[in-house]
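Please keep the sequence and the 3D view at hand while reading.

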Amino acid sequence: MSAVSSLRTAAAVTTAKVTAVVSRRLGFGGGTALPGLVADAVSPGLAIRLAARLGHGSVLITGTNGKTTTARLVRNIAQAAGYWPVHNHSGSNLMRGLTACLVEATDARGQLPEPERRLGVFEVDEATLPEAAEALSPRIVAFTNLFRDQLDRYGEVDSVAAVWRQALATLPSSITVVLNADDPSVAGLADVCRGPVLFYAVNDASCAVYEIEHAADARWCPACGREYSYSAVFYGHVGHWVCPGCGRARPAADVQATRVKQGPDHLLRLALSTPSGELDLSLPLIGLYNAYNALAAVGVGLALGVPADAIRTGVASFTAAFGRQERMTVRGREVQTILAKNPAGLNQVLRAISAEEGTKNLLFLLNDDIADGRDISWIWDVDFEMLAGQATLVLASGRRAADMALRLKYADIGAHPVIEEDTESALEMALALTPEGERLYVIPTYTAMLRVRRLLARWGRRPPFWKED
Amino acid sequence: MEASLRLAHLYPKLMNLYGDRGNILCLRRRCQQRGIALTVDDLELGETLDPNAYDLIFIGGAQDREQRRVAEDLLGTKAEALHRAVAEGVVLLAVCGGYQLLGRYYRPAAGEELAGVGIFDAWTEHPGPGVKRFIGNVVVRWQGGTLVGFENHGGRTYLGPGARPLATVISGFGNNGRDGSEGAMQGENAFGTYLHGSLLPKNSRFADHLIAQALKRRHNEVALSPLDDALEERAHAEALGLAKKKLVFLRR
């Protein structure tokens, strides 16, 4: 690196670091994106230069749902294996967020401490994948699933898949791609991969549901147009699929969950069969979708060459990320916040809650800001009906509280949902109306979650999200 | 009221992009609460439509890939029956992509023109990949009141002399963003619109208009007992409020 460009890198890093501090002080937010924008303005291509210093390269994780949880699991696995991960833990997953995260890892002179131990673990927005893959030259790219999500922002599901295929086709053959064999849209990406592919899947038929949900998106074979046939559906269009027309079928998986069991203690227990032997894992999460997140993370761990013991240790050290099922006690009530931002994700959350014991107190928050998607039609694709008659308390909040309440009325979840647009008042009411000692489920869209988290942080004395690990 | 109605839901698996199912849930519920037995038949690719069997027909929207397959199937297996049904007064609601395919033709940004069924004297043209889509909340004036919803379409629809607009745009884009028209009516019983959201649940007046028309034809009855629509009206008002905020902002 030339002296000038090195100086420029250092200047960009310093400016970005100052921006982060100022942004937090002024209360703009966590300083998880703006510093990246600033740094890139001062020194274009900064991310490329910083990423090149990561001794072990980078892992990218993308997909509609499960990015944050999967990346967090990979981070823990990498730590257990002795790596020192650089990880965008705040969930800021556009290019600016990745740059900001790399800047944060460097010291004031633009140096990365112990670069030889460093591994980048980045969750990446679906549409940002091509740019991120080009800038960061990853060694592993993992995909979780592909569902409709914010159609007004991302465009149609087909266009996301096309963007991914294009990105994968240009990657060097040295890159390992980790794919979900049970999601036909994701498994099909193997066709364009030039290097090794590692598949993961669930192989426990007892988890199957009886019919395809309304949120299924990949029902037809892109090769011949016939409708897939399923011997087991796990959620959405994820399951054991085969095309009766051309015979395309779910590929054999390298990493399989042979048993998935939800314990009454909030623990998800998994028995995994892997090329490195059997692995028994348990996670403090609910829902089958989290089994897939664990499988993806274990797949990445194996692709990194992490031994089974370290994978076990890493997963055991996992705690839920902010808004992703983290549990906390606020005013004597257990509050569990679960982000849900699209039909497939919310269906999984509802299914998991429905399987829980005890009375259900529910607060749904529906916003329609740009980061949530302006279109809220998607709530009509969610099978809220599965919670009919199960809830003792139901509140609807957010900018589109009345729309949410109407949807809940149709599903007969609460005959008279409480409607309160303002997040803070709604959370206050929900806590007051939830009997002491009982659990309150808070189910927000993205921007609502940020606000809920700030309030709960204040009331429950949790650290702000950018400080949390 | 001892009445029954039958609805054909065209391509629920293929044409279901923006919560179109909410429209079916709404019709079902509003009928059920009045003691009207509503039977819903799903008709997929290759299945024929019996023009004499139904009182209502619904078709929603889809992605481009699916829309092409549906266009072919419509012309191949259902077009004639659809024309007969509409001519005989069956109530038809077509939303977004379904509305486009029931016009005379759809010209995409790239690729071949899709021939439409021609129920509506209307045609749709996509101005090209670089041109912005019409995305956002919509409020339109309809029969002395309002309809609220969300639109997301690249194609611009224009009406010929045989069709008339369903509504006029107050806020949003509507058919083409130019002439202030939204949706189409062909005769008194075929309705096309770009509004989803879902459309019917929070526009209960429109939902009842469809049910009443179907009932009148089948049973010669039009009296629909009122329902508790407090939540429906609140959701409608909330959507109006959001549009109003935007209008105030634009005026500044």
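## Terms and numbering

Helices (H or I, at least four residues) and strands (E, at least two) are DSSP runs, numbered from the N terminus. This is a predicted model, in which local features need pLDDT of at least 70 and side-chain atom pairs count only at pLDDT 80 or more, while totals for chains, interfaces and linings use all residues. Residues are numbered from 1 along each chain as its sequence is written, and chains are lettered from A and ligands numbered from 1 in the order in which they are written.

## Chain B and one of its residues

Chain B contains five helices and 14 strands. Its radius of gyration (taken over C-alpha atoms) is 17 Å, close to the 18 Å that the globule rule (2.2 Å times the number of residues to the power 0.38) gives for 252 residues, so chain B is as compact as a globular protein of that length. The C-alpha trace of chain B spans about 55 × 45 × 30 Å along its principal axes. Of the 252 residues of chain B, 49% count as buried, which requires 20 or more other C-beta atoms within 10 Å of a residue's own, whereas a residue is exposed if there are 12 or fewer and partly exposed in between, with C-beta atoms placed from the backbone. Two residues are in contact if their C-beta atoms, placed from the backbone, lie within 7 Å; among contacts in chain B between residues at least 6 apart in sequence, 70% join residues at least 24 apart.

B:Thr77 lies in helix H2 of chain B and is partly exposed, with 15 other C-beta atoms within 10 Å. When neighbours within four places in sequence are left aside, B:Thr77 is in contact with B:Gly46 and B:Thr48. B:Gly241, by comparison, is 164 residues from B:Thr77 in sequence and 44 Å from it in space, C-alpha to C-alpha.

## Where the chains meet

The contact between the chains takes 24 residues from chain B and 22 residues from chain A. On the side of chain B that touches chain A, the elements giving two or more residues are helix H1 (21-32), helix H2 (64-87), strand S8 (134-142), strand S9 (145-153) and helix H5 (230-251) of chain B. The largest share of that side, five residues, comes from H5(B). Its residues divide into seven nonpolar, eight polar and nine charged, where Ala, Val, Leu, Ile, Met, Phe, Trp, Tyr, Cys and Pro count as nonpolar, Asp, Glu, Lys and Arg as charged, and the others, Gly among them, as polar.

## The two domains of chain A

Chain A is divided into domain 1 (3-316) and domain 2 (324-460), with bounds that come from an automatic or database domain assignment. The C-alpha centres of these two domains of chain A lie 26 Å apart, and the contact between them takes 23 residues from domain 1 and 21 residues from domain 2. Helix H4 (67-80), helix H7 (151-154) and helix H10 (288-304) of chain A each supply at least two residues of the side of domain 1 that touches domain 2. H7(A) gives the most to that side, with three residues, and by class the side has nine nonpolar, nine polar and five charged residues.

## Buried elements of chain A

In helix H6 (residues 129-136) of chain A, the buried residues are A:Leu129, A:Ala132, A:Ala133, A:Ala135 and A:Leu136. Their cover includes helix H3 (46-51), strand S1 (58-62), helix H5 (95-105), strand S3 (118-123), strand S4 (140-143) and helix H8 (157-170) of chain A. After H6(A) comes A:Ser137, whose phi is positive, near 40°. Nine of the eleven residues of H5(A) are buried, so H5(A) is largely enclosed by the rest of the structure; among them are A:Arg96, A:Cys101 and A:Val103.

Strand S17 (residues 439-444) of chain A is mostly covered, since five of its six residues are buried. Strand S13 (residues 333-338) of chain A runs parallel to S17(A) and is joined to it by four bridges, while strand S14 (residues 360-365) of chain A, also parallel to S17(A), is joined to it by five bridges; strands pair if DSSP finds at least two bridges between them. A:Tyr441 in S17(A) is the bridge partner of A:Gln336 and also of A:Leu362.

## A buried methionine

A:Met449 has its place in helix H15 (residues 446-460) of chain A and counts as buried, with 27 C-beta neighbours inside 10 Å. Not counting residues up to four places away in sequence, A:Met449 touches A:Gly323, A:Thr337, A:Leu339 and A:Pro444. A:Met449 and A:Ala340 are 109 residues apart in sequence and 9.2 Å apart in space, C-alpha to C-alpha.
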